[in-house]
Amino acid sequence: FIAGAAVQWLRDGLELFGKSSEVERLAESVPDAGGVLFVPALSGMGAPHWLPHATGLVTGVTRGTTKAHVARATLEGIAYQVSELFSAMAHDMGKRPSELKVDGGASENNLLMQFQSDLIGCNVVRCSITETTALGAGLQAGLAIGMWRDLADIKKRWRADRTFTPGMGAKEKTAKLAKWAGAMKAVKLLSDSGRALSQ
């Protein structure tokens, strides 16, 4: 699954900006992706597709396409992938979660988090501490030495930084998801073709 690595590719591979944190400002400089759709399968695709031979796909490029459109399409591509995982988990659970709690570097991107909330149709809640991997290790150590009584005690300390609520209309959302589904069919076809040629 490619998320932050897709932004790193824009930074290092295409050299669209100097720091990863600049992607949001660049993407916000246009009102939408201008019809560009990016499937960031830069190292295959994991769940729910399981296409290890898949490669990335960019569609909808015209003479009017700018690096800002590509940046925005990249952020949206990350959100589409998460949306598919969210739907797969909801299917397995038999119900849709009421919210999605997020952390990590990508969660600091407000444009991405809003688009994520729009696609999955529920609140996206960003933790006040985005680097929770290190925090989790520290909390486990504190639990082991008795700094906290139990997991419930630790859970009480979790704090939200910001909540993103869905704002996209149903018609627009359906159209966007249909376009993504079409792109994924193309990725699968190309992946199958590439695998057949290599055998």
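Reply: The side chain of Glu 24 reaches the backbone nitrogen of Leu 111 at 3.1 Å. This is a polar contact, that is, a pair of N or O atoms within 3.5 Å; within protein, one must be able to donate a hydrogen and the other to accept it, and residues adjacent in sequence count only if both atoms are side-chain atoms. The model is predicted, so local features need pLDDT of at least 70 and side-chain atom pairs count only at pLDDT 80 or more, while totals for chains, interfaces and linings use all residues. Residues are numbered from 1 along each chain as its sequence is written, and side-chain values use heavy atoms, with hydrogens and water left out.

Glu 24 belongs to helix H2, residues 23-28. Helices (H or I, at least four residues) and strands (E, at least two) are DSSP runs numbered from the N terminus. Glu 24 is buried but has no salt bridge; Arg 162, the nearest side chain of opposite charge, is 6.9 Å away. Buried means under 20% relative accessible area, exposed over 50%, and partly exposed in between (1.4 Å probe, protein chains only). Lys and Arg count as positive and Asp and Glu as negative, while His and the chain ends are not counted. A salt bridge requires a side-chain nitrogen of Lys or Arg within 4 Å of a carboxyl oxygen of Asp or Glu.

Leaving aside residues up to four places away in sequence, Glu 24 touches Glu 108, Asn 109, Asn 110 and Leu 111; contact means heavy atoms within 4.5 Å. One of these, Asn 109, also approaches Leu 111: at the start of H4, a side-chain oxygen of Asn 109 reaches to within 3.2 Å of the backbone nitrogen of Leu 111.

Helix H4 itself is largely enclosed by the rest of the structure, because 9 of its 11 residues are buried. Among them are Leu 111, Phe 115, Gln 116 and Asp 118. The helix is followed by Gly 121, whose phi is positive, near 75°.
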